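Subject: Handover of a structure

Dear colleague,

Please find the structure below, together with its sequence. A written account of the findings follows it.

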Amino acid sequence: MTTIGNREKKRLYLNEVATRDGFQNEAAFIDTDDKIALIDRLSACGYAKIEVTSFTSPKAIPALRDAEAVMHDIARAPGVVYTVLVPNVRGAERALSCNVDEVNLVMSVSESHNRANLRMTREQSFAQLRDVIDTVRGTGVAINVSLSTAMGCPMEGDVPLDTVLGWMERFAALGVQGVTLCDTTGMAHPAQVRELCKRASQAFGALELTLHFHNTRGMALANTLAALEAGIVRFDASLGGLGGCPYAPGATGNVCTEELVHMLELDGYDTGVDLAAVLDAAARLPGLIGHDVPSQILKAGRRLDLHAMPAHAQGVPAERTLS
Ligand code: COA
Ligand code: ZN
């Protein structure tokens, strides 16, 4: 907590995922130098963590085939955790060679989505991730596991809460530091989020728990409030609302960083993030990726970014404008 005046602000920890979750979905390759310049800009915004890139097969995700170059050439800011997505031991070795702070492993808690995204059964994924954990353990690099489709699978529907908790249990037993519960295709709703977050934080108090929302059905901010009610303090977010999942039909953007920070600031939270700096970075995205981004705050401005009186209303007598 930090104290502003008499009021205590609850500290939240934001992880920026645009250059991984966002860029992996871009059809046109974004130049390595442009990626590095953006990440350097983000490093000055006050995030707790930045998910820089992913060490996946370049055939599977060609947009991030420059992972080593990006990781080597960014300027790392003290206090920021630089994390990367890793799907297998090969990816872990590549990531370790770049001296990352954390690896983020991923599997789905629904069988169908895991087969679609990772072309494996969940058990095969678990075995592979166990090998990754064995490779990374003891190196000083932190391990986080992102569980996709934790709030619904586009092919199977609701995933039972006990299934989600069961996978958390298996990874907790392997000694990972954090778990991210991902609403990969925007199926979560507030009542469900409240229940899941309460149960997960009660059962796994020692794990760093992060929530990852997508705004596919316009519920990402509402779901964030529900998670906050349940005591969650870590959130993933994506600049401009970029993002999606290449193997999840209809999936669209992650919760938009600037919309999230805008709301959380108004609600009296300390996100650590400088909203003006984030907006400045977001404004550069369309030029970088060649298309518009979903961010509402970028379009409309902050709530108190006021507009000049329109010319037709100036000089009108006060009585008339009041009537
Ligand atoms: N880094 C670089 N190359 C890799 C790699 C890695 N981490 N993992 C596999 N490869 C290469 C292999 O060397 C092989 O190359 P080759 O064809 O030139 O011999 C090729 O990819 C296929 O390897 P294989 O072991 O058969 O893996 P696969 O084809 O079953 O792919 C994944 C498995 C998981 C690595 C791949 O599907 C992937 O990266 N998917 C992306 C998943 C993702 O990030 N989704 C979005 C995030 S939610
Ligand atoms: Zn996502």
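The crossing of helices H9 and H10 is right-handed, a crossing being right-handed if the near helix is turned clockwise from the far one by less than a right angle, and left-handed if anticlockwise. Helices (H or I, at least four residues) and strands (E, at least two) are DSSP runs, numbered from the N terminus.

Before going further, please note that this is a predicted model, in which local features need pLDDT of at least 70 and side-chain atom pairs count only at pLDDT 80 or more, while totals for chains, interfaces and linings use all residues. Residues are numbered from 1 along each chain as its sequence is written, chains are lettered from A and ligands numbered from 1 in the order in which they are written, and side-chain values use heavy atoms, with hydrogens and water left out.

Helix packing

H9 covers residues 220–229 and H10 covers residues 257–266; their axes come within 11 Å and cross at roughly 50°. Axes are lines fitted to C-alpha atoms, for helices over the stretch in contact, and angles run from 0 to 180 degrees between N-to-C directions. H9 is therefore oblique to H10; angles under 35 degrees count as roughly parallel, over 145 as roughly antiparallel, 65 to 115 as roughly perpendicular and the rest as oblique. On the H9 side, Leu221, Thr224, Leu225 and Leu228 meet Glu259, Leu260, Met263 and Leu264 of H10, where contact means heavy atoms within 4.5 Å. By class, this contact of H9 with H10 has six nonpolar, one polar and one charged residues. Here Ala, Val, Leu, Ile, Met, Phe, Trp, Tyr, Cys and Pro count as nonpolar, Asp, Glu, Lys and Arg as charged, and the others, Gly among them, as polar.

A second pair is formed by H4 (residues 89–97) and H6 (residues 122–136), which pack at an angle of about 25° with their axes 9 Å apart. That angle makes H4 roughly parallel to H6. Val89, Ala92, Glu93 and Leu96 of H4 make the contact with Asp131, Val132, Thr135 and Val136 of H6. The contact of H4 with H6 has five nonpolar, one polar and two charged residues.

Asp21 in helix H1 (residues 18–22) and His214 in the loop between strand E9 (208–212) and H9 are 193 residues apart, and the pair links distant parts of the chain. Asp21 counts as buried because its relative accessibility is 3%, buried meaning under 20% relative accessible area, exposed over 50%, and partly exposed in between (1.4 Å probe, protein chains only). His214 is buried as well, at 2%.

Individual residues

Asn223 lies in H9 and is buried, with a relative accessible area of 0%. Among the residues that Asn223 touches are Asp183, His189 and Phe213.

Leu181 belongs to strand E8 (residues 178–182) and counts as buried at 0% relative accessibility. The contacts of Leu181 include Leu147, Met168 and His212.

Lys49 is found in strand E4 (residues 49–54) and is buried, with a relative accessible area of 14%. Lys49 touches residues including Glu16, Val80 and Glu102.

Terms used. Lists of a residue's contacts leave out its neighbours within four places in sequence.
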